[in-house]
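Trainee: I'd like to go through the labels on this model with you. Can we take them one at a time?

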Amino acid sequence: MAKNPSSDFVLRPFEGLPGETDWVAMREIVPSATATARTTAEYGSRDVTVVTLLPGAWTALHRADGTLLLAVQGIVGSGDVSRDLAAALLEAMELEPGTAVESGELPGEGPRLQDVLDLGVPFEVTVHDTFDYWLDPSADVTPELKQNLEDAADGAIPTVKVTSAESAYWCSMSREFLRWARPEPEDDVIDAISRLHAKRESGLAGGRFVGAFRASGLVVPVWELPKGTEAADLEGPVAELGEKLAKALSIKEPLDANERRARAGIVSRQVTLR
């Protein structure tokens, strides 16, 4: 079993897990979502609901109905998010139902998610408009709890998963955008978009490519869409753009002068989240 000192920095903490790009998206860009996971036989073959966020900055919850919830946006502090989340999950498994794991001391050496989770179980994401997954279905909802749920939902950016591509998410802020977590090495993605940009083919559904950011070791390109564009409008255009990107990613020749200029502009707008 792999061990990892909590002081070591891991650039791609979710590398090797099914759905790495969706793990990154849930941690960085999706306000409310759940996904499926299961621990290995060594760790009891327990079903786990991976979630974006839990109340009170909890990192995990052993809900009263026995469900295990693990929050990828929980506060973690070491250099290895995978190790931190695995420690929270294992702690939650040992707690009495109805008990949460709060942020505390950094974990020492121990297993990572890649060791604890069954890598044969697909990571299937469901995006939600609310945070009702916090609740035990059999529990009474108090007025205070109902208000907390409503406040959390009101503060969330409307987000929808586009089904025609892996890990592409429409969102609506002051404008509509598509954010697309990519599994390929960052330089390869930026080169591919640069090739399209130089040919004026990097747009999406009448919108434009506006830049990219780094998150958990992956690159997330962003497109600004025409005002009023809905997620359903993007299924065809995203599939078409995906084909263009795949073709551009397959090119191994060096960038030409126009493509290098396009690349310089793209790189100058990149930021790193974590």
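This is a predicted model: local features need pLDDT of at least 70, side-chain atom pairs count only at pLDDT 80 or more; totals for chains, interfaces and linings use all residues.

Trainee: Why is G44 called partly exposed?
Mentor: Buried means under 20% relative accessible area, exposed over 50%, and partly exposed is in between (1.4 Å probe, protein chains only). G44 has 45%, so partly exposed is the label. You'll find G44 in the loop between β1 and β2; helices (H or I, at least four residues) and strands (E, at least two) are DSSP runs, numbered from the N terminus.

Trainee: What makes α2 mostly covered?
Mentor: Ten of its 14 residues are buried. Among them are V81, L85, L89 and M93. The cover includes α1 (20-28), β2 (47-51) and α3 (113-116), with contact meaning heavy atoms within 4.5 Å.

Trainee: How do you know that the reach of α2 is close to the expected one?
Mentor: The expected span is 1.5 Å times one less than the number of residues. For α2 (residues 81-94), that gives 20 Å, and the first C-alpha to the last also reaches 20 Å.

Trainee: What caps the N-terminal end of α2?
Mentor: D80 does, with a side-chain oxygen 3.1 Å from the backbone nitrogen of S82. A polar contact is a pair of N or O atoms within 3.5 Å; within protein, one must be able to donate a hydrogen and the other to accept it, and residues adjacent in sequence count only if both atoms are side-chain atoms.

Trainee: What makes something a cavity?
Mentor: On a 1 Å grid over the protein atoms alone, it's a set of points where a 1.4 Å probe fits but cannot get out; lining residues have an atom within 4 Å of a point. Two cavities of 30 Å³ or more turn up. The largest holds about 70 Å³, and its lining includes W23, R38 and F123.

Trainee: Which element gives the largest share of the lining of the second largest cavity?
Mentor: α5, with three residues. That cavity has a volume of about 30 Å³, and its lining divides into six nonpolar, no polar and two charged residues. Ala, Val, Leu, Ile, Met, Phe, Trp, Tyr, Cys and Pro count as nonpolar, Asp, Glu, Lys and Arg as charged, and the others, Gly among them, as polar.

How values were computed:
Residues are numbered from 1 along each chain as its sequence is written. Side-chain values use heavy atoms; hydrogens and water are left out. On a 1 Å grid over the protein atoms alone, a cavity is a set of points where a 1.4 Å probe fits but cannot get out, and a pocket is an open set with protein on both sides within 12 Å along at least five of seven lines; lining residues have an atom within 4 Å of a point. Grid points are joined across faces, edges and corners, and a volume is the space filled by probe spheres set on the points.
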